[in-house]
Amino acid sequence: MKKKVLVLFGGVSSEHDVSLVSASSVISNIPRDKYDILTMGITKDGRFYLYKGDCANLPDSGWLKDEALLEPAVISCDRSHHGIIHLTTGEVERIDAVFPVLHGKNGEDGTMQGLLEISGIPYVGCNTASSAVCMDKALTNAMADFSKIPQAKWDAFIKYDYDKNKADLLARAEKYLGYPIFVKPANAGSSVGVSKAKDLKSLEIACEKAFEQDYKIVLEEGIVGKEIECAVLGNEDPIASLPGEVVPCNDFYDYDAKYLANESELHIPARLSPEKTEEVRKAAVNAYRALGCSGLARVDFFVRESDGAVLLNEPNTIPGFTSISMYPKMFAASGISYSDLIDKLICYALER
């Protein structure tokens with residue numbers, strides 16, 4: 001008997017538009033011989049609709065253009081429902097699992113995972129705690145330090161302290177990190193709000209830009225080396241893909257380089273020695289387990305030019321699933337097709 005899977009997309013997030021593209025790819029590649037699919041979109045202002053149209057129309061908010069294809073519905077918190085409530089009729093529809101293709105805040109940060117935990121519905125990806133820790137870069141870095149996972153030097157500010165002691169905090173960062181300094185919102189993805197600072201003036205501008213996205217920001221020393229990504233899959237006994245390498249078309253791998261310019265170089269497998277490739281794969285699984293991940297995550301690293309050190313950059317618990325995204329491409333290069341990958345992710349959700 002087929003399992004019924006609800007695919008969630010959109011969301012109140014700066015990555016809303018990327019989610020639409022990812023979800024279109026996921027929906028197109030779910031094995032229909034094993035799963036019946038429902039699709040539910042969340043608008044930028046937080047309204048939930050079941051969408052009954054073609055998934056090819058998701059990007060650029062095309063799914064919202066025909067109201068006849070939209071039905072208000074919500075995920076029920078009542079565990080006896082184990083599913084969704086159709087708001088126009090009050091009908092309860094049971095579902096077997098949820099595939100949240102929700103990047104960034106309100107989807108990847110533990111909030112949606114918490115709702116699904118309360119609802120008692122299995123879902124693809126990391127649990128509430130792991131999602132929250134991996135989304136918050138300051139918490140990720142603190143956990144990595146605790147677990148003795150090598151990473152770049154870092155610091156973090158909250159807006160209240162920054163407004164009171166800007167000069168002291170900036171001086172502290174300059175002294176400890178040196179330039180260049182990467183400044184990031186603690187809770188944002190796809191490099192939204194990230195800047196590279198080369199002096200005090202650009203550091204101030206970078207901090208203000210990052211604070212537009214979050215009340216807490218993270219500052220990290222610049223690392224000269226290769227940007228390497230590795231996909232990890234599984235629950236208690238996870239596996240790592242062949243790693244990939246990103247050569248950004250911009251000064252660093254920012255939002256434009258990832259999604260708009262389409263000129264960054266991607267090398268799968270990464271241009272690493274066999275020994276360094278295995279070191280990255282082991283480091284990815286180690287970080288995945290240390291951060292409590294399950295289901296899937298993409299773990300990003302730097303391989304430092306000066307000494308070859310493998311340094312954790314950041315984990316992504318709901319990585320991009322677009323046609324050009326690294327997570328499915330790395331597993332494809334490792335022998336797992338897109339459709340088989342989605343099937344495995346749903347099976348891991350049901351197993352957990």
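**Cysteines and aromatic rings in a predicted model**

C77 is partly exposed, with 44% of its relative accessible area. C207, by contrast, is buried, at 0% relative accessibility. While we are on cysteines: how many disulfides does a search of the whole structure find? The count is zero. As a reminder, a disulfide is a covalent bond between the sulfur atoms of two cysteines.

Now to the aromatic rings. The structure contains eight aromatic pairs. One of them joins F157 and Y162, and this pair counts as stacked because the planes are at 25 degrees, under the 30 degree cut-off, with the ring centres 6.2 Å apart. Are these two residues buried or exposed? Both F157 and Y162 are buried.

Another pair is made by Y327 and F331, and its geometry is edge-to-face. Here the centres lie 5.4 Å apart, with 65 degrees between the planes. Where do the two residues sit? Both belong to helix α9, which covers residues 326-333, and they are four residues apart, about one turn of the helix. Y327 and F331 are also both buried. Beyond their own pair, Y327 and F331 belong to a cluster linked by ring pairs, together with F99, F321 and Y338.

Last, charges over rings. Which residue lies over the face of F211? That is K159, at 5.7 Å from the ring centre. On the ring of Y123 we find the charged end of R352, which sits over it at 4.9 Å from the centre.

Definitions and conventions. Residues numbered from 1 in each chain as written. Predicted model: local features only at pLDDT ≥ 70, side-chain atom pairs only at ≥ 80, totals over all residues. Heavy atoms only, no water. Disulfide = S-S within 2.5 Å. Buried < 20%, exposed > 50% of the residue type's maximum accessible area, 1.4 Å probe, protein only. Phe/Tyr/Trp six-rings, centres within 6.5 Å; stacked < 30°, edge-to-face > 60°. Lys NZ or Arg CZ within 6 Å of the ring centre and 35° of its normal.
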